[in-house]
Amino acid sequence: MKRLLDYFSRLGSKYNLTFSSQEVLRSCIIGLDGVQRKLLILNGINNGPLSEYIIDLNEVSDCSVKKEYGRIQVNGLRKRKLEQYLERMTLNFKFLIEKQPEDIPFFKQTENHISELPRLEDKAEKWKVILSKMLPVSLKKSA
């Protein structure tokens, strides 16, 4: 993990970013440069090749927590709680320009245990609040 964090720090230097906040998740590391309003994401820290990308908050129109549920059968909620059907929870970014939305995974049913959900949901909500406050001013007035 120390090597990954060192690598992440070097990536920040490569892109001239200074992190005011960082988060290590199961499959990625995210770092926020509040001054430049940029988010660096390093994916694949648990499996597969590493890949990085930057989200420029000046180009983001919306930041939200998105939950994707599996199929719930009739009367399924009598036997299991709704969160037991949760497959993924992500921090979702929509952009001002014609660009595909981006997702940062906070919970994946295949990688996380359901007991981790409340803690990860709190983290995702915290990031949503922080990043939403940094969206372009013209968007905040209309919200």
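**A side chain facing a backbone nitrogen**

I begin with a polar contact: a side-chain polar atom of glutamate 116 lies 2.7 Å from the backbone nitrogen of histidine 113. By polar contact I mean a pair of N or O atoms within 3.5 Å; within protein, one must be able to donate a hydrogen and the other to accept it, and residues adjacent in sequence count only if both atoms are side-chain atoms.

The model is a predicted one, in which local features need pLDDT of at least 70 and side-chain atom pairs count only at pLDDT 80 or more, while totals for chains, interfaces and linings use all residues. Residues are numbered from 1 along each chain as its sequence is written, and side-chain values use heavy atoms, with hydrogens and water left out.

Where does glutamate 116 sit? Its place is the loop between strand E7 (102-108) and helix H3 (117-132). Helices (H or I, at least four residues) and strands (E, at least two) are DSSP runs, numbered from the N terminus. Glutamate 116 has a relative accessible area of 15% and is therefore buried, where buried means under 20%, exposed over 50%, and partly exposed in between (1.4 Å probe, protein chains only).

Asparagine 16, in the loop between helix H1 (2-14) and strand E1 (21-24), is not a glycine, yet its phi is positive, near 55°. With a relative accessible area of 59%, asparagine 16 is exposed. Arginine 37 belongs to the loop between strand E2 (28-33) and strand E3 (38-43). Its phi is also positive, near 60°, and its relative accessibility of 22% makes arginine 37 partly exposed.

I turn now to the sheet. It is open and antiparallel, with 4 strands in the order E1-E2-E3-E4; strands pair if DSSP finds at least two bridges between them. E1 and strand E4 (51-56) are the edges, each with a single partner strand, so one side of each has no neighbour in the sheet. On average, neighbouring strands are turned by 15° against each other, direction ignored. Between the antiparallel E3 and E4 there are 6 bridges, and lysine 38 has aspartate 56 in E4 as its bridge partner.

Helix H1 packs on this sheet, touching E1, E2, E3 and E4, and its direction makes about 140° with that of E3. Contact here means heavy atoms within 4.5 Å. Axes are lines fitted to C-alpha atoms, for helices over the stretch in contact, and angles run from 0 to 180 degrees between N-to-C directions. Helix H3 lies across E1, E2 and E3, at about 155° to E1.
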